[in-house]
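Work through these exercises with the structure open. Try each task before reading its solution.

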Amino acid sequence: MIEKLHDHVIDELRTNTKTDTIFALTSILLNFIALGINWAVAEGDETIESSATVIFILIVTLVIVVNSVAVIGLLRGRQTREKLLTGLLKLYKDQEVEQYYDSSILAAYNTRYILFIITVVFTGFIAIAVPLVQMVLE
(Lines give C-alpha, C1' and ligand atoms only; values in the text may rest on other atoms or scores of the structure.)
Protein backbone atom coordinates (compact mmCIF):
# COMPACT_ATOMS: atom_id res chain seq x y z
CA MET A 1 0.00 0.00 0.00
CA ILE A 2 2.85 2.39 0.84
CA GLU A 3 4.38 1.75 -2.58
CA LYS A 4 1.11 2.62 -4.34
CA LEU A 5 0.77 5.80 -2.31
CA HIS A 6 4.35 6.76 -3.13
CA ASP A 7 3.79 6.11 -6.84
CA HIS A 8 0.60 8.19 -6.75
CA VAL A 9 2.37 11.15 -5.13
CA ILE A 10 5.20 10.94 -7.66
CA ASP A 11 2.68 10.84 -10.54
CA GLU A 12 0.93 13.90 -9.09
CA LEU A 13 4.27 15.72 -8.89
CA ARG A 14 4.96 14.89 -12.56
CA THR A 15 1.54 16.18 -13.57
CA ASN A 16 2.09 19.30 -11.50
CA THR A 17 5.42 19.95 -13.23
CA LYS A 18 3.91 19.52 -16.71
CA THR A 19 1.02 21.85 -15.89
CA ASP A 20 3.32 24.53 -14.48
CA THR A 21 5.55 24.31 -17.54
CA ILE A 22 2.55 24.71 -19.84
CA PHE A 23 1.33 27.77 -17.90
CA ALA A 24 4.73 29.45 -17.97
CA LEU A 25 5.67 28.68 -21.58
CA THR A 26 2.23 29.51 -22.98
CA SER A 27 2.11 32.90 -21.33
CA ILE A 28 5.70 33.78 -22.27
CA LEU A 29 5.13 32.72 -25.88
CA LEU A 30 1.91 34.73 -26.03
CA ASN A 31 3.73 37.74 -24.58
CA PHE A 32 6.34 37.66 -27.34
CA ILE A 33 3.71 37.19 -30.05
CA ALA A 34 1.64 40.03 -28.57
CA LEU A 35 4.73 42.22 -28.45
CA GLY A 36 5.34 41.67 -32.16
CA ILE A 37 1.71 42.22 -33.17
CA ASN A 38 1.21 45.29 -31.00
CA TRP A 39 4.49 46.79 -32.08
CA ALA A 40 3.48 46.35 -35.72
CA VAL A 41 0.08 47.85 -34.97
CA ALA A 42 1.70 50.76 -33.12
CA GLU A 43 3.90 51.52 -36.14
CA GLY A 44 0.96 51.21 -38.51
CA ASP A 45 -0.51 53.71 -40.95
CA GLU A 46 -2.51 56.57 -39.39
CA THR A 47 -5.46 55.92 -41.74
CA ILE A 48 -6.27 52.73 -39.81
CA GLU A 49 -5.78 54.34 -36.41
CA SER A 50 -9.18 53.40 -34.92
CA SER A 51 -8.93 49.73 -35.85
CA ALA A 52 -5.31 49.66 -34.69
CA THR A 53 -6.37 50.98 -31.30
CA VAL A 54 -9.07 48.33 -31.00
CA ILE A 55 -6.61 45.57 -31.97
CA PHE A 56 -4.10 46.93 -29.47
CA ILE A 57 -6.69 46.98 -26.67
CA LEU A 58 -7.90 43.46 -27.48
CA ILE A 59 -4.39 42.02 -27.48
CA VAL A 60 -3.48 43.86 -24.27
CA THR A 61 -6.61 42.41 -22.67
CA LEU A 62 -5.63 38.94 -23.87
CA VAL A 63 -2.12 39.34 -22.43
CA ILE A 64 -3.50 40.49 -19.07
CA VAL A 65 -6.02 37.64 -18.86
CA VAL A 66 -3.61 34.89 -19.94
CA ASN A 67 -0.84 36.15 -17.66
CA SER A 68 -3.26 36.39 -14.73
CA VAL A 69 -4.40 32.82 -15.32
CA ALA A 70 -0.77 31.69 -15.59
CA VAL A 71 0.25 33.42 -12.36
CA ILE A 72 -2.76 31.99 -10.50
CA GLY A 73 -1.98 28.55 -11.96
CA LEU A 74 1.66 28.80 -10.89
CA LEU A 75 0.70 29.89 -7.38
CA ARG A 76 -1.72 26.96 -7.09
CA GLY A 77 0.93 24.66 -8.54
CA ARG A 78 3.38 25.82 -5.90
CA GLN A 79 0.85 25.13 -3.15
CA THR A 80 0.09 21.69 -4.57
CA ARG A 81 3.77 20.79 -4.90
CA GLU A 82 4.44 21.92 -1.35
CA LYS A 83 1.59 19.77 -0.02
CA LEU A 84 2.68 16.75 -2.03
CA LEU A 85 6.31 17.05 -0.98
CA THR A 86 5.37 17.62 2.65
CA GLY A 87 3.28 14.45 2.53
CA LEU A 88 6.12 12.60 0.86
CA LEU A 89 8.53 13.73 3.58
CA LYS A 90 6.09 12.49 6.24
CA LEU A 91 5.85 9.16 4.44
CA TYR A 92 9.64 8.93 4.29
CA LYS A 93 9.89 9.80 7.98
CA ASP A 94 7.32 7.14 8.90
CA GLN A 95 9.30 4.63 6.87
CA GLU A 96 12.54 5.86 8.48
CA VAL A 97 14.16 6.82 5.17
CA GLU A 98 13.83 10.63 5.41
CA GLN A 99 17.61 11.04 5.58
CA TYR A 100 17.73 10.23 1.85
CA TYR A 101 15.62 13.23 0.84
CA ASP A 102 16.96 16.71 1.48
CA SER A 103 14.07 18.86 2.71
CA SER A 104 15.83 22.02 1.48
CA ILE A 105 14.55 21.05 -1.97
CA LEU A 106 11.24 22.66 -0.94
CA ALA A 107 12.95 26.06 -0.80
CA ALA A 108 14.52 25.50 -4.22
CA TYR A 109 11.10 24.79 -5.70
CA ASN A 110 9.69 27.96 -4.15
CA THR A 111 12.53 29.96 -5.71
CA ARG A 112 11.80 28.38 -9.10
CA TYR A 113 8.14 29.38 -8.86
CA ILE A 114 9.06 32.95 -7.96
CA LEU A 115 11.37 33.11 -10.99
CA PHE A 116 8.65 31.70 -13.28
CA ILE A 117 6.15 34.26 -12.02
CA ILE A 118 8.62 37.15 -12.41
CA THR A 119 9.36 36.03 -15.98
CA VAL A 120 5.67 35.79 -16.88
CA VAL A 121 4.82 39.18 -15.37
CA PHE A 122 7.87 40.96 -16.80
CA THR A 123 7.43 39.66 -20.36
CA GLY A 124 3.73 40.58 -20.13
CA PHE A 125 4.65 44.07 -19.01
CA ILE A 126 7.12 44.45 -21.88
CA ALA A 127 4.55 43.10 -24.37
CA ILE A 128 2.24 45.94 -23.34
CA ALA A 129 4.69 48.74 -22.53
CA VAL A 130 6.93 48.71 -25.63
CA PRO A 131 4.12 49.08 -28.19
CA LEU A 132 2.39 51.62 -25.95
CA VAL A 133 5.56 53.72 -25.85
CA GLN A 134 5.81 53.38 -29.64
CA MET A 135 2.23 54.63 -30.04
CA VAL A 136 2.76 57.57 -27.70
CA LEU A 137 6.03 58.66 -29.31
CA GLU A 138 4.66 58.68 -32.83
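**Exercise 1. Which residue forms a salt bridge with D11, and how far apart are the closest N and O atoms?**

Solution. Start with the source. This is a predicted model: local features need pLDDT of at least 70, side-chain atom pairs count only at pLDDT 80 or more, and totals for chains, interfaces and linings use all residues. Residues are numbered from 1 along each chain as its sequence is written, and side-chain values use heavy atoms, with hydrogens and water left out.

Next, apply the term. A salt bridge is a side-chain nitrogen of Lys or Arg within 4 Å of a carboxyl oxygen of Asp or Glu. The partner of D11 is R14, with the closest N and O atoms 3.1 Å apart. A search of the whole structure finds one salt bridge.

Now place the pair. D11 and R14 are separated by about one helical turn, because they lie three residues apart in helix α1 (residues 2-42). Helices here are DSSP runs of H or I, at least four residues, numbered from the N terminus. An α-helix has 3.6 residues a turn, so residues three or four places apart point the same way.

**Exercise 2. Find what N38 touches, leaving out residues up to four places away in sequence.**

Solution. Locate N38 in helix α1. Buried means under 20% relative accessible area, exposed over 50%, partly exposed in between (1.4 Å probe, protein chains only). Then list the contacts (heavy atoms within 4.5 Å). N38 touches I55, F56, I59, V60, A127 and P131.

**Exercise 3. Which side chain does N67 join through a polar contact of 2.9 Å?**

Solution. Go to helix α2, where N67 lies. N67 is buried too, at 8% relative accessible area. Beyond four places in sequence, N67 touches S27, N31, V120 and G124. The polar contact of 2.9 Å is to the side chain of N31. Such a contact is a pair of N or O atoms within 3.5 Å; within protein, one must be able to donate a hydrogen and the other to accept it, and residues adjacent in sequence count only if both atoms are side-chain atoms.

**Exercise 4. Which residues make up the largest nonpolar core?**

Solution. A nonpolar core is a set of buried Ala, Val, Leu, Ile, Met, Phe, Trp, Tyr and Cys residues joined through side-chain atoms within 4.5 Å. The nine residues are V9, L13, L84, L85, L88, L89, L91, Y92 and Y101. Helix α2 (49-94) and α1 each supply at least two. The largest share, six residues, comes from α2.
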